[in-house]
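Student: Please take a close look at one open space in this protein, and then at what else the model shows. I would like a single connected answer.

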Amino acid sequence: MGDIMRPVPFEELLTRVFAEYHESRSIFGIPEQQFYRKDNDRLIKVFGETCETPMGPAAGPHTQLAQNIIVSWLTGGRFIELKTVQILDRLELDKPCIDAEDECFNTEWSTEFTLQKAHDEYLKAWFVLHLLEAIFDPRTPGEAKSFIFNMSVGYNLEGIKQPPMQNFIHNMMDSAQHPKYAEYQSILASFIGDKDFTQRLALESRSAQLSTLPQQIPAQMVHGVTLSTMHGCPPNEIEAICRYMLEEKALNTFVKLNPTLLGYPRVREILDTCGFDYIGLKEESFEHDLKLEQAISMLQRLIALGKEKQLSFGVKLTNTLGTINHKGALPGEEMYMSGRALFPLSINVAAVLSRAFNGELAISYSGGASKFNIREIFDTGIRPITMATDLLKPGGYLRQLECMRELDQSDTWGMTKVDVDRLEALAKKAVSMEYTQKHWKAQDRIDAGGPLPMTDCYVAPCVTACAIKQDIPEYIRLLGEQRYADALELIYQRNALPAITGHICDHQCQYNCTRLDYDSALNIRELKKVALEKGWDEYKQRWHKPAGSGSKHPVAVLGAGPAGLSAGYFLARAGYQVTLFEREANAGGVVKNIIPQFRIPAETIQHDIDFVAAHGVKFEFGCDPELTVDKLMQQGFSYVFVGIGTDKNSGVKLAGDNRNVYKSLPFLRSYNRGDKLSLGRHVAVVGAGNTAMDCARAALKVPGVEDVTVIYRRTLNEMPAYREEYEEAVEDGVKFMFLTNPEQFDADGTLVARVMELGEPDEKGRRRPVATDKTIKLQMDALITAIGEQADCAALGAMGVPLNAEGWPAVANDTGETTRPNVFLIGDVQNGPSSIVAAIGTARRATDEVLKRENIRSHHHDKQWSNVDPAEIYQRKGAISVVMVDKEEREAFVAQEAQRCLECNYICSKCVDVCPNRANVSIAVPGFHDRFQTLHLDAYCNECGNCAQFCPWEGKPYKDKITIYSLPEDFTNSTNPGFYVDEQNVSVRQGKQIWHLHIDEHGQLDEVPAELEDMCRIISHVHNHHHYLLGRVEV
């Protein structure tokens, strides 16, 4: 039920593992092709035990359940740091408890199981790993097992000495007398002895050898322990626990230390330097924690004690960092930080301690390790290295596989002590390297734009974010196959202006790219440019003017800007006679006459214009400014599209007598014409939209101008300008003054501005600017106003466009049609200033309405699907691109981006990736739109919330997806859609209604209600092909 995890009995666990493997050649969703297999004989030693790889999962969500440990091993984890246990083993945790959006925060510490259940999970995993190793990575005679279990206990000595904890520790050190040990030996022997098992896996020739395995599995699971102490644990308590483990338990010991060893000033400095200045710390917490001098003295004593006892002693670096709960995403007042923000702290602690001990201090490391830094950590001599946060992100456990492949390339496996100089260099680098800077990860939230569907939820967020719904994954795949003309043809289906949008598209697709959760967004806009560069010649050869061009009703388009050109293209392509009326002497509109030419070459604009004309579109330049809808209809035009832009600029009301004030659009028009402009040395631009950025950058290039300052009454976070536009302005040298509002501009150049502060959010969610009683004075020679751009409603009314009671055009937003039939508004004039691609989108929707109305169907509306091999895509799941190919290396760049594309509308399963417990599964079910359907396993879930964090939809997979229940009471106590199968009886919930159905031995359900057809199709398929998902669980 909900957050209550139900362990899987051992025999059922074996069935679960190998039934899935037989059916799908995967185990807990990890494809066999991505099982880690060692291809060399290099090992590391930890506490006298050998380990096949130097890494594994940290004590945390990835080592709580048996299946988590199994998946960790399959993906290369060999040092398994088991989830921490403590005497308080019945705590109820508030949920959600994990927020891994960027740097990770959590509010849970130890296992959610009782001590008995925790031991049982670890014992089950211990047996299964020995079996998996025997099957997939068999040992040679005398060869040690490939993995190490490391026990993690906390949090104080009194609790550790309690009988339940004593029993746990004893059983981890020796389970020989535990009844479960003998029981699991017997179950395993029976399972292996089943001929069906050996035949299914083609293991007949090894059956005799496998039959001896149960008796060979050792009863001692651990030789070492990692001590996890509470934040603020007194130094003498930490030392006492370590002494107890060394002296009384004879266990090799790591003690986990806190990043607070660096001291509050240094921790605060590092976080602030890296851009994590918003993370709140309590200085008093540092006062309660172990100090560096105390730690060094304590460690010296404990190392000596370990040598005396012939045991190993070292440190685990580091614990999470206690922080103030500033986000509100998790419950409680305090939360614990990990991930990339922790890396510069943990590695600096490691450097300080290693210098104090001359590199001889054994270090087990866990602090923001990922593919971006794990090789450098390992090459300092630190080992083992454990991970948690990185595995909580899309790609999940497969990120561990990628890290292991990276470490396999290292030549430092033979190091036996820490290279202090190398570590100190890394510690210094960690504070400034790009990966640890907050800005490294874009703050965009991937949003598919709607509630999470119960079925068929695979979606490419780049497509949903695109105003014209370009088939982005498909044309990227074509580019990767070097089918450039095919890619361009697909782009032209929905995009009339690929040359222009290849340069100045606002690329909302890139702000919604799934790769943002891995490394960085695909450079989709640049790929579009490549398609045109490399595909145009072949595409033009195969292209022909549409048959019957101009044979249908004539259409008039007012305005030859991006929207007008697009409307002309889409209609002419469908056989309409289109005439574009333009008051200027050229086509292109804002792109040609307003956007500065340094942003887009003139020949690029002309390329798109010429291709529109090639479709048979006629242009009338310098047209009658008094042209009206009535006149056009009288001339025989059946439809009129109005795309005249937003050339009305209300400006800024300023006191004062300085007349050197320019409105943005006339200024940019003059700049583009090459008119002589006298702006003086110091220029202010008022506003913070895209037009303001263009004005500021253009003004900087006017002779005589020394500096340009953008003045904005809100802050950077509220700026309406696209981030890229802002960044380009900053790169050019434009200055910015935020929370400033100009009020008076005097003839002597004095600009008086009001200091503002932010108040409550407005209707768009932006915090309102509120005036303070403070003013400042600036010296400016000219001022450009870039606010208040809007449609000229008076001109529209005179043109014959119907206006509503408020004086605005009455438009149906979905098509752009006005209340006057067959008259459409397209582009900025419809809803105000927007992007080029948004203008194309309005033209497409309007022209689609005309085609629909006249019953004209075109293949250009068809969705193109790629022939995708899911196994190929899944191999990209954990892949991280640390080094990016320069976009100027065209072929290599295209190959890289095509390989990075995750083709999310074919294979998504992010919720499957990020769940540590494997509580979400994707299985192929015939009869649906998507090849795979995502199901939720109630028994495995603890509602940590991680899948909801990364789902591209506005939903929670652990609540919204079809749920398979393992117990009747869990079905009853839940509200999720889903089903519970009890032999021939099936209970089904959908919406707020429950049905009780009957299922036969062939998986057929009787009398299925129409509204349950999809649900029952899934139930039948699971029953027949994935019956292991219906297995027993423990109550």
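**The second largest pocket and beyond**

Tutor: Helix α29 gives seven residues to the lining of the second largest pocket, the largest share of that lining. The model is a predicted one, and the values below are computed from it.

Start with the pocket itself. Its volume is about 1,800 Å³. The lining consists of 45 residues, and those closest to the centre of the pocket are Ala442, Tyr511, Arg723, Glu724 and Glu727. Helix α29 spans residues 723-732, and it is one of four helices that each supply at least two residues of the lining; the others are α21 (498-504), α22 (524-542) and α34 (890-900). By residue type, the lining of this pocket divides into 16 nonpolar, 10 polar and 19 charged residues.

The largest cavity holds about 550 Å³ of space. Its lining has 35 residues, and Ala59, Asn106, Lys256, Asn319 and Thr320 are the ones nearest the centre. Strands contribute to this lining: β8 (104-106), β14 (334-338) and β16 (385-387) each supply at least two of its residues. The lining of the largest cavity is made up of 14 nonpolar, 16 polar and five charged residues.

The second largest cavity contains about 160 Å³. It is lined by 20 residues, with Arg340, Asp390, Lys393, Tyr435 and Trp440 nearest its centre. In this lining, eight residues are nonpolar, four are polar and eight are charged.

Now turn to the strands. In general, strands of a sheet pair through backbone hydrogen bonds, either parallel or antiparallel. Leu558 has Phe581 in β18 as its bridge partner.

Two strands pair with β29. Strand β22 (residues 661-663) runs parallel to β29 and is joined to it by three bridges, with Tyr662 standing opposite Ile784. Strand β23 (residues 682-686) is also parallel to β29, through four bridges, and here Val685 stands opposite Ile784.

Ser1020 is part of helix α39 (residues 1013-1025). Is Ser1020 buried or exposed? Ser1020 counts as buried because its relative accessibility is 14%, and the cut-off for buried is under 20%. Leaving out residues up to four places away in sequence, Ser1020 touches Gly1003, Gln1004 and Leu1005.

Conventions. Residues are numbered from 1 along each chain as its sequence is written. This is a predicted model: local features need pLDDT of at least 70, side-chain atom pairs count only at pLDDT 80 or more; totals for chains, interfaces and linings use all residues. Side-chain values use heavy atoms; hydrogens and water are left out. Buried means under 20% relative accessible area, exposed over 50%, partly exposed in between (1.4 Å probe, protein chains only). Contact means heavy atoms within 4.5 Å. Two strands pair if DSSP finds at least two bridges between them. On a 1 Å grid over the protein atoms alone, a cavity is a set of points where a 1.4 Å probe fits but cannot get out, and a pocket is an open set with protein on both sides within 12 Å along at least five of seven lines; lining residues have an atom within 4 Å of a point. Grid points are joined across faces, edges and corners, and a volume is the space filled by probe spheres set on the points. Ala, Val, Leu, Ile, Met, Phe, Trp, Tyr, Cys and Pro count as nonpolar, Asp, Glu, Lys and Arg as charged, and the others, Gly among them, as polar.
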